Amino acid sequence: MSGEPRLGDVFGELLRDAYAVHTGIGPRPLVGGRLPRPVIEIIERDDGLVNGAPAAHYLDGPEHWQPYDHRAVDRTRGATLDVGVGGGRIALLLQERGIPVTGLDTSPGALRVSRHRGVRDLVLGTVDEHVADGRRYDTFLLLGNNLGLFEGRERAPAFLAALAALARPGAQVIAHGTDPYGTTDPVHTGYHERNRRRGRLGGQLRLRLRYRELGTEWFDYLVCSAEELAELVRGTPWQLTDVDDRDAPYYLATLRLRGR
């Protein structure tokens with residue numbers, strides 16, 4: 001007994017259980033042997049901060065979405081790669097609208113849930129790995145705050161290069177981000193300052209996910225301002241063409257592939 005979580009498919013396991021609670025299909029986690037237990041995703045930050053969030057929102061239908069999700073879907077066109085498809089909520093609506101969509105995720109369990117819910121085209125892997133498959137897309141969706149997959153200054157250029165290698169001429173990226181700097185909470189402002197002293201972006205998070213006895217490896221996840229995003233995109237194959245911040249501090253960023 002090390003006191004450390006066992007490494008595993010945290011996201012897949014919690015999605016499986018959330019889906020079981022939502023539908024009654026499959027074994028459900030129980031409280032006291034009778035009542036379904038709410039499925040909570042635990043997010044642990046490297047300074048010791050721990051947050052929990054209900055996992056049910058990964059399965060929400062459009063009637064429960066935030067306005068920026070609807071605006072993102074309305075801007076989607078052509079062959080689409082839903083990066084971090086999760087439980088398939090975005091991909092399912094795109095399918096209903098007749099938009100060809102591929103769901104990409106690194107979690108085998110998440111892909112099983114998406115497939116069971118009806119998402120037809122699913123790929124296991126990262127954007128870098130998917131380049132070798134020879135597929136090409138007109139739209140890349142990074143929703144559910146998945147602008148965080150940029151990770152930081154070191155990873156962002158390679159991530160954007162992989163998207164460009166998967167892109168058709170004139171392709172777009174639609175990404176959901178959150179500006180982290182509106183808070184006055186010293187737990188967060190202190191973390192921002194700690195990051196800057198270490199040469200990192202203020203909102204660059206070092207996290208691991210936990211669920212029951214499972215945990216992930218530690219990983220970077222970026223929460224940045226639109227101004228920081230513009231700096232990260234500069235010099236890449238992409239151009240930041242629009243920032244929709246009507247739901248501030250949340251925003252939708254649109255990147256377009258430069259002419260080639």
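Guide: Axes here are lines fitted to C-alpha atoms, for helices over the stretch in contact, and angles run from 0 to 180 degrees between N-to-C directions. This is a predicted model, in which local features need pLDDT of at least 70 and side-chain atom pairs count only at pLDDT 80 or more, while totals for chains, interfaces and linings use all residues. Residues are numbered from 1 along each chain as its sequence is written, and side-chain values use heavy atoms, leaving out hydrogens and water.

Visitor: At roughly what angle do the axes of H1 and H4 cross?

Guide: Helices (DSSP runs of H or I, at least four residues) and strands (runs of E, at least two) are numbered from the N terminus. The axes of H1 and helix H4, which spans residues 108-117, come within 7 Å of each other and cross at roughly 35°.

Visitor: Which residues of H4 make the contact with H1?

Guide: Contact means heavy atoms within 4.5 Å. From H1 the contact takes in Phe-11, Gly-12, Leu-15, Arg-16 and Tyr-19, and from H4 it takes in Gly-109, Ala-110, Val-113, His-116 and Arg-117.

Visitor: In what order do the 7 strands of the open sheet lie?

Guide: Two strands pair if DSSP finds at least two bridges between them. The pairing in this open sheet is mixed, and the order of its 7 strands is S8-S7-S6-S9-S10-S15-S14.

Visitor: Which are the edge strands of that sheet?

Guide: The twist from one strand to the next averages 20°. An edge strand pairs on one side only, and that holds for strand S8 (122-124) and strand S14 (238-244).

Visitor: Which residue in S7 stands opposite Leu-81?

Guide: Strand S6, residues 80-83, and strand S7, residues 101-105, run parallel and are joined by 4 bridges. In S7, the residue opposite Leu-81 is Thr-102.

Visitor: Which residue takes a positive phi in the hairpin of S4 and S5?

Guide: Strand S4 (residues 40-45) and strand S5 (residues 50-54) run antiparallel with 5 bridges between them, and Ile-42 has Gly-52 of S5 as its bridge partner. The hairpin has 4 residues between the strands, and the residue with a positive phi, near 100°, is Gly-48.

Visitor: How far apart are the end C-alpha atoms of residues 81-170?

Guide: The UniProt record, an unreviewed entry, annotates residues 81-170 as "domain: Methyltransferase", although such annotations may be inferred rather than shown by experiment. Over this stretch the chain is 36% helix and 23% strand, and its end C-alpha atoms are apart by 15 Å.
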